[in-house]
Amino acid sequence: MNLPPSVLVIGTIFIDCKGFAKQNYHPSTRNLGNIQFVHGGVGRNVAENLANLHVTTCFASSVDASAIGKEVIGRLQKSKVNTNYLIETKQLGMGMWLAILDEKGDLAGSISQMPDLTLLEELITSKGVDLIRQSTHITLELDLNFQIARSVIKLAAEEKKPIYGVPGNLDVILHHRELLDHLDCFICNNFEADLFFELNFTNLTIAQKLESLIQFVDRTGMGSMVVTLGEKGAVYYNPQTKEVGYQPVFPVKLVDSSGAGDAFFSGTVMGLVKGLSLKEAVICGTKVAGWTIESTENTCLDLPLKIKEDEFFINYS
């Protein structure tokens, strides 16, 4: 009997301080607007998205033992994320991200402070086998540190659990590209693909992008790969099924582009763990990213309602 999908998310929690420019943004002068503190972090965003997409989700991370840390845990629990493996610590359990959004909602500048990853590394060392055994699929924020990434990928392979990777700050995987070889699916954006492919991928035609993607995946041996292209959509390739193609975006009203990549990853992973083809999963990712772009949050809290009303999700997910 096949068990229903349950996803283990391993990644970070951040608190984002976002400034939204009211009028044309000028970096060298004072800009009027509004400032918000928002729950973020690649791992946290993905865990919340997956839970709101009705996927059983467990989140392994660290969090500050503070009022805002309690708030983060409470919100995740409200979305039915299993938070039993969130380790509380006095400081640096969470990261901070300072972001400025211009008048169009696009990111104009940012500064990031990483959390202390020691506790998460110790958790993977002591309880990694149990964590992975109790889940059917694994999602991993790849740029935590090399030790965490290598350990999780090794354990997933030993337990024969599919593993999906999303990049963070690129500190790890640009120096250890061999980690990509073991992923069942890797999702990144076009600027990250410029670095991985070692060519000007962003400015290629769609046909050239697909050709470059096929060559890269075939060379590495990974299961499949998707590259998001911002407002131009996404390209994808699965060497096992020979699925290769281009998915345009759906019309949306841009409010805040941050979190869109995590949302795309979440929607695509949701489709894959539920048995959809890569093409169908990418459509899911595109829709979830679009709904997130229309929100001031890093995640769209209306996902349960959105998928209930969306024809594609009703028919395929």
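Guide: The answer below begins with the helix pairs and then turns to individual residues.

This is a predicted model, in which local features need pLDDT of at least 70 and side-chain atom pairs count only at pLDDT 80 or more, while totals for chains, interfaces and linings use all residues. Residues are numbered from 1 along each chain as its sequence is written, and side-chain values use heavy atoms, with hydrogens and water left out.

Helices (H or I, at least four residues) and strands (E, at least two) are DSSP runs, numbered from the N terminus. Two packed helices are described by the angle between their axes and the distance between the axes. Axes are lines fitted to C-alpha atoms, for helices over the stretch in contact, and angles run from 0 to 180 degrees between N-to-C directions.

Consider helix α3 (residues 118–133) and helix α4 (residues 146–158), whose axes are 10 Å apart at an angle of about 10°. The pair is therefore roughly parallel; angles under 35 degrees count as roughly parallel, over 145 as roughly antiparallel, 65 to 115 as roughly perpendicular and the rest as oblique. Contact means heavy atoms within 4.5 Å, and L120, E121, I124, G128, V129 and I132 of α3 meet Q147, I148, S151, V152, L155 and A156 of α4. By class, this contact has 8 nonpolar, 3 polar and 1 charged residues. Here Ala, Val, Leu, Ile, Met, Phe, Trp, Tyr, Cys and Pro count as nonpolar, Asp, Glu, Lys and Arg as charged, and the others, Gly among them, as polar.

The second pair is helix α1 (residues 42–52) with helix α7 (residues 260–273), packed at an angle of about 45° with axes 9 Å apart. Helices α1 and α7 are therefore oblique to each other. From α1, V42, N45, V46, N49 and L50 meet D262, A263, F265, S266, V269 and M270 of α7. This contact of α1 with α7 contains 7 nonpolar, 3 polar and 1 charged residues.

Single residues complete the picture. Buried means under 20% relative accessible area, exposed over 50%, and partly exposed in between (1.4 Å probe, protein chains only). In strand β4 (residues 56–64) lies S62, which is buried because its relative accessible area is 5%. Leaving aside residues up to four places away in sequence, S62 touches I13, I87, G93, M94 and D116. The side chain of S62 also reaches the backbone oxygen of G93 at 2.8 Å. T220, in helix α6 (residues 206–220), is likewise buried, with a relative accessible area of 18%. A polar atom of the T220 side chain lies 3.1 Å from the backbone oxygen of V217, and the T220 side chain reaches the backbone nitrogen of M222 at 3.4 Å.

Finally, the backbone itself deserves attention. Most residues other than glycine have a negative phi, and most peptide bonds are trans. K160, which is not a glycine, has a positive phi of about 55°. K160 is found in the loop between α4 and β9 (163–166), and K160 is exposed because its relative accessible area is 73%. L170 also has a positive phi, near 75°. L170 lies in the loop between β9 and β10 (185–189), and L170 counts as buried because its relative accessibility is 13%.

Key: A polar contact is a pair of N or O atoms within 3.5 Å; within protein, one must be able to donate a hydrogen and the other to accept it, and residues adjacent in sequence count only if both atoms are side-chain atoms.
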